[in-house]
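Please read them with the structure open.

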Amino acid sequence: MLTKRLHRLQGFLLLVSRRASNVAKQQYDVIVVGGGHAGTEAAAAAARVGAETLLVTQKIHTIGALSCNPSLGGVGKGQLVKELDALDGLCGRAGDWAGIHFSILNRRKGPAVWGPRAQLDRQRYREFIQSELLGTHRLTVLEGSVEELLVTEPNPEKPGCHRVTGIRLAGGSRSISASSVVLTTGTFLSGSLFVGQTTSPGGRIGDAPSSAGLSHTLREALGLRTGRLRTGTPPRIVKDSVDFSQAELHPPDERPSPFSFLNTHTRCKPEEQLPCHLTLTTPGVERVVRESLHLNCHIQQDTKGPRYCPSIESRVLRFPGRKHQVWLEPEGVTSDLLYPQGLSMTMPPDAQLRLIREIPALHRAEIHTPGYGVQYDFVCPTQLDPSLQVKNTQGLFLAGQINGTTGYEEAAAQGLWAGVSAARSALAMPPVTLSRTESYIGVLIDDLISRGVTEPYRMFTSRAEFRTALRPDNADLRLTLKGFEELGCVSSQRYYETVRVRDSLRDALEALQSIVLSAANWRKKMPDILMSENKFTSLSGQDVLQYNTVSFEMLASAFPDTLSPYMEFSQRLKIEAVYRPHCDLQRKEIERIQKEENMALPQDIDYFSLPVSLSQEVREILDRVRPSTLGAATRLQGITPAAIVHLLNYVRHTGQKETRTHSKYDKNREELHTENASLVKL
Amino acid sequence: MLLSVRVGMLRGAVHKLRTRLLSTKGGVTDGLADAETIFALSSGHGRCGVAVVRVSGPASAAALRGMAGITRGLPPPRTALLHSIRDPQSKEVLDRGLVLWFPGSVPGMRPAEAGEFTRRAFQAGKLGLTEVEGLGDLIHAETEAQRRQALRQMSGELGRLYQDWSHRLKRCLAHVEAFIDFSEDELIEDGVLNQVDRSVCDLQAEIKRHLMDERRGERLRSGVQVVIAGATNAGKSSLLNTLCQRPAAIVSPIAGTTRDVVETALDIGGFPVLLSDTAGVRDSTDLVEREGVRRARERMQQADLTLVVVDCAQLPCDAQRAADFLQEHLRSVLATEEQPDTVFSADKCLLVLNKTDLLPEDGRLTLERELRRVPGLPPICLVSCHTSEGLQGFLTELHGRVKTLCGNPLTGDPTLTQARHRAHLQQCTAALAQYHRYRDGDLALAAEGLRLALTSLGRITGRVGAEEILDIIFKDFCIGK
């Protein structure tokens with residue numbers, strides 16, 4: 001798999017130009033605007049589902065660029081990467097290709113919260129994503145800037161409802177039509193860059209600002225509510241100027257664990273991995289921040305920044321008198337730059353230099369590119385439905401930072417889901433859902449559309465109430481099968497591999513269950529497991545595997561005939577044995593939530609005139625958020641249990657009508673099936 | 001509430017009124033469930049001379065006008081007026097009573113479901129969950145002490161206790177979550193977890209202590225179970241009749257008169273008591289009597305307090321021998337088939353030596369003095385149900401015991417009043433034990449324990465969302481990645 005990739009990469013530049021100039025078509029099923037983490041996953045997913053897809057980006061060269069930190073994964077984020085991979089997304093495999101320092105965070109805290117993470121080589125990551133996109137069937141990449149989003153006038157029968165028809169490109173009046181458009185414009189929506197007292201329009205340094213036309217359409221023509229957020233990036237430091245003797249060395253894991261379920265090893269050999277270094281701030285850093293505060297526009301404005309990825313300015317101002325961590329991360333195998341994680345700043349460049357030199361390991365460091373801040377518009381995501389489609393505009397999907405999130409993984413997850421949804425909508429396939437009870441991607445989407453954001457949204461494991469079931473190790477079992485059978489975004493190769501894994505795990509657990517010994521016999525057979533002398537009952541192999549002291553390997557060497565065929569899954573089996581009893585306990589709660597999620601609240605409800613006893617405040621919240629299901633409504637802040645009881649009552653009353661619509665839909669589907677069947681006969 | 005009509009009237013009229021209120025339904029718009037008007041008898045179903053009927057909902061005004069015979073407008077709000085209450089159709093006068101209404105804002109009628117008024121108040125955010133339960137108890141409060149505890153719970157004291165636990169547990173969970181989600185690249189140290197360990201231990205101890213209130217709060221709600229037991233013809237039924245001041249049980253000189261459990265509710269010094277008279281314990285060939293004895297033993301096992309009645313004429317004259325006799329007697333009465341050698345607990349029973357009128361005056365005093373010196377015997381009361389002699393002293397003793405069993409509702413920890421609370425709190429402590437079990441091996445499963453504990457508490461105080469946990473994390477830690 002990995003060696004094949006090398007050949008494809010060598011010819012990728014050639015492919016770029018040919019693909020880009022070869023756009024003759026005027027119509028696509030899906031158009032994706034933006035080539036970042038959300039855009040690339042969206043375009044690839046839409047094409048995998050079967051849609052003729054066009055990806056429009058300002059520069060083909062920056063497709064797959066890591067604009068901020070050179071790393072992927074982590075606690076919570078790593079779970080997203082595993083899930084994206086399980087759905088045949090790009091980023092997991094790209095991470096395995098580009099990773100130069102792999103580690104599993106939280107190794108001692110339990111497999112449900114392990115955080116697979118890697119430092120990446122920026123160049124390699126971009127190469128991989130570009131080659132992957134250009135090799136994707138049904139996907140065309142076009143370099144260009146979108147001037148305008150084309151939408152129909154509101155439907156007189158449904159006031160305020162639009163339909164997307166396509167896009168118009170800048171520099172000419174060329175329009176391209178499409179059934180679905182996915183916007184993944186990141187920080188470019190009315191983006192401004194800040195360094196010191198200087199402000200300039202743009203979403204990323206070195207790139208042209210996006211056209212004002214797009215913002216205009218979203219706000220004025222579609223009437224979408226937007227908010228403003230800010231983020232920042234640290235200065236890049238010249239590697240040779242760093243005094244590593246004054247920093248703490250952090251080596252990677254000895255054996256890199258790949259992100260992708262398809263890979264058994266990473267491109268980077270274990271011994272080729274690069275280390276990271278840890279250093280701490282000093283009181284001098286705080287002094288420079290305070291001295292330069294009056295020259296720092298970005299920090300003075302009260303636009304919402306993330307609490308968990310704050311600039312060094314807000315860190316020292318909020319928690320003064322402390323030492324703050326600064327990680328020195330490699331930017332790539334051949335790069336001579338370092339990325340100082342934790343030093344995002346927006347003060348004038350000369351103050352930035354003074355600041356970093358207050359840190360012992362950076363006392364004579366040189367800055368290659370100064371840090372800067374970005375302020376940008378986001379569309380309040382409560383205006384989206386669970387497929388990430390804008391509620392009042394059929395066919396328009398939004399994904400990534402435009403929805404108020406932060407982070408590559410969060411963007412990629414939305415991108416994949418928007419791509420799948422956009423393609424299915426364009427191809428008139430039945431809509432699909434992804435629940436928060438089955439995936440972190442579901443948690444992310446549900447949180448966004450039902451709660452909205454007040455600060456850039458980042459994934460944490462604590463956001464997932466069923467964390468013990470949504471583990472990184474079982475993302476394939478949770479999502480790959482569904483991804484193939486229901487969503488249509490998973491290749492058959494991956495599907496059959498997952499089926500094999502599922503069947504083997506099932507057989508292995510049955511084999512473990514079949515081994516039943518009395519406690520006394522267990523003690524005799526495996527003295528190392530330190531089973532209590534007070535235990536008299538008989539125990540199965542699965543019970544014994546739950547012991548801290550027992551590994552699958554130990555059991556396999558005691559019962560080689562029964563268990564040795566499953567050695568390849570030893571770690572997964574151990575995790576499964578420990579977690580299964582807890583997950584069984586959660587099943588009831590999961591079923592309750594799924595039941596509530598199946599109770600749809602019609603999207604055209606007029607909450608203000610609804611003849612249901614609801615307070616004005618609750619009506620306003622419901623009208624603003626328009627939760628798509630009763631389950632989503634229960635998770636809204638400010639919604640009282642009373643309101644839920646009344647809504648439940650309402651849903652039950654109107655339920656009969658719903659069922660009727662469904663049966664009609666089912667009938668259509670039956671007809672379709674008959675048609676397909678006759679096609680097969682022909 | 002939208003509008004209340006409170007009608008004071010004789011009970012007999014209530015049924016008629018119910019029928020009338022039901023018949024008004026057809027005349028008003030038959031709207032959606034939520035626009036329905038509900039009514040109920042609010043004054044309980046016990047003995048009462050005065051009834052309160054409460055109506056709430058959009059058709060309340062029509063009901064008020066129709067039944068109070070008001071032709072134009074409505075009387076001034078929040079003002080009690082004496083009116084004839086009439087059948088709205090036939091205009092027949094049902095009763096006379098006070099009518100008053102409270103204004104509301106919104107526009108069918110059906111009988112309220114149990115607790116629907118309170119549920120509406122709860123749903124409108126006017127009452128917390130524990131307050132609603134307190135109100136439910138208040139409505140059912142039959143005695144003064146129950147009323148006081150219900151009031152105390154209404155004012156949210158119990159609610160505040162649970163809120164405090166919930167708050168502390170939230171912090172523990174937030175700190176563990178911070179350690180899971182951030183510690184690797186932040187400055188969150190292992191010390192955070194040690195602090196959580198201590199807090200979890202404290203919480204466990206507090207909740208366990210609260211649970212070990214020996215069901216006092218529940219007793220206050222449902223009544224202290226007091227069982228009268230003893231040999232046949234000791235005068236158990238006479239004691240019951242004397243206590244409830246009416247012939248609730250048949251008394252006769254024939255041994256084995258009482259064959260089944262006779263139950264009666266009493267108010268002893270403001271505390272509710274459920275008093276049961278049981279069949280005399282003896283070996284019998286009579287199938288019915290044997291069943292009676294089995295039931296008597298079953299009752300004694302569930303009892304909070306057993307009154308062992310002994311005919312004092314049966315006692316040996318010598319005090320030491322009398323003490324031995326009583327020890328043996330208690331054992332035979334209180335023994336169960338499973339535990340034939342049961343050791344009776346002195347604080348769970350009271351010895352009642354009956355028929356003192358059959359003893360000479362000085363003999364009675366000597367017996368009393370001598371027996372009180374014998375260690376290992378439960379408190380003893382000498383009474384005569386026949387002459388009421390010693391009854392006052394017995395009642396004082398009984399009151400003291402009942403009071404201890406219920407606890408003073410106005411001091412100390414608010415006691416548990418709901419079996420539901422007990423169940424959730426037990427789940428909560430079990431989940432906290434899960435935290436300790438996995439603390440060192442798997443922090444995700446340890447945190448799951450805290451989350452389950454918080455969910456159990458949340459079933460009493462209202463739920464806790466992930467966002468609240470994150471808010472605590474960001475308030476307490478400098479997260480800066």
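1. What covers the buried residues of helix 11 of chain A? The cover includes strand 10 (192-195), strand 13 (236-238) and strand 18 (367-369) of chain A, along with helix 8 (283-291) and helix 10 (312-318) of chain A. The model is a predicted one, which applies to every point below.

2. The buried residues in helix 11 (residues 349-356) of chain A are Ala351(A), Gln352(A), Leu355(A) and Ile356(A). They lie on the same side of helix 11 of chain A, because they cover an arc of only 130 degrees around the axis. An α-helix has 3.6 residues a turn, so residues three or four places apart point the same way.

3. Some totals for chain A follow. Chain A has 682 residues, of which 59% count as buried, and it contains 23 helices and 23 strands. Taking contacts between residues at least 6 apart in sequence, 73% join residues at least 24 apart. The accessible surface of chain A is about 28,100 Å², and carbon and sulfur atoms account for 53% of that.

4. The largest nonpolar core has 110 residues. Those that touch the most other members are Ile31(A), Leu149(A), Ile167(A), Val181(A), Leu183(A), Leu218(A) and Leu396(A). Helix 12 (residues 408-426) of chain A supplies the largest share of this core, eleven residues. A second, separate core has 41 residues, including Tyr162(B), Val200(B), Leu432(B) and Ala453(B). In soluble globular proteins, nonpolar side chains tend to be buried together.

5. Is Asp476(A) buried or exposed? Asp476(A) has a relative accessible area of 3%, so it counts as buried. This residue is found in helix 14 (residues 475-487) of chain A. Leaving aside neighbours within four places in sequence, Asp476(A) is in contact with Ala86(A), Phe261(A), Leu481(A), Thr498(A), Val501(A) and Arg572(A). One of these, Phe261(A), has Lys82(A) over the face of its ring, at 4.7 Å from the ring centre.

6. Over all chains, a search of the whole structure finds eight aromatic pairs. The pair of Trp97(A) and Phe128(A) is tilted, because the ring centres are 6.3 Å apart and the planes are at 40 degrees. Trp97(A) lies in helix 5 (residues 91-98) of chain A and Phe128(A) in helix 6 (residues 122-134) of chain A, so this pair ties together parts that are 31 residues apart in sequence. Both Trp97(A) and Phe128(A) are buried.

7. Phe484(A) and Tyr495(A) form a stacked pair, with 3.9 Å centre to centre and 15 degrees between the planes. Phe484(A) is in helix 14 of chain A and Tyr495(A) in helix 15 (residues 492-514) of chain A, eleven residues apart. Phe484(A) counts as partly exposed because its relative accessibility is 28%, whereas Tyr495(A), at 11%, counts as buried. With Tyr496(A), Phe484(A) and Tyr495(A) form one aromatic cluster.

8. A charge also sits over a tyrosine ring: Arg463(A) lies over the face of Tyr457(A), at 4.0 Å from the ring centre.

Conventions:
Residues are numbered from 1 along each chain as its sequence is written. Chains are lettered from A and ligands numbered from 1 in the order in which they are written. This is a predicted model: local features need pLDDT of at least 70, side-chain atom pairs count only at pLDDT 80 or more; totals for chains, interfaces and linings use all residues. Side-chain values use heavy atoms; hydrogens and water are left out. Buried means under 20% relative accessible area, exposed over 50%, partly exposed in between (1.4 Å probe, protein chains only). Helices (H or I, at least four residues) and strands (E, at least two) are DSSP runs, numbered from the N terminus. The arc is that of the directions from the helix axis to the C-beta atoms. Contact means heavy atoms within 4.5 Å. A nonpolar core is a set of buried Ala, Val, Leu, Ile, Met, Phe, Trp, Tyr and Cys residues joined through side-chain atoms within 4.5 Å. Accessible areas come from the Shrake-Rupley method with a 1.4 Å probe; for residues, only the protein chains shown count as cover. Rings of Phe, Tyr and Trp (its six-membered ring) pair if their centres lie within 6.5 Å; planes under 30 degrees apart count as stacked, over 60 as edge-to-face and the rest as tilted. A charge sits over a ring if NZ of Lys or CZ of Arg is within 6 Å of the ring centre and within 35 degrees of the ring normal.
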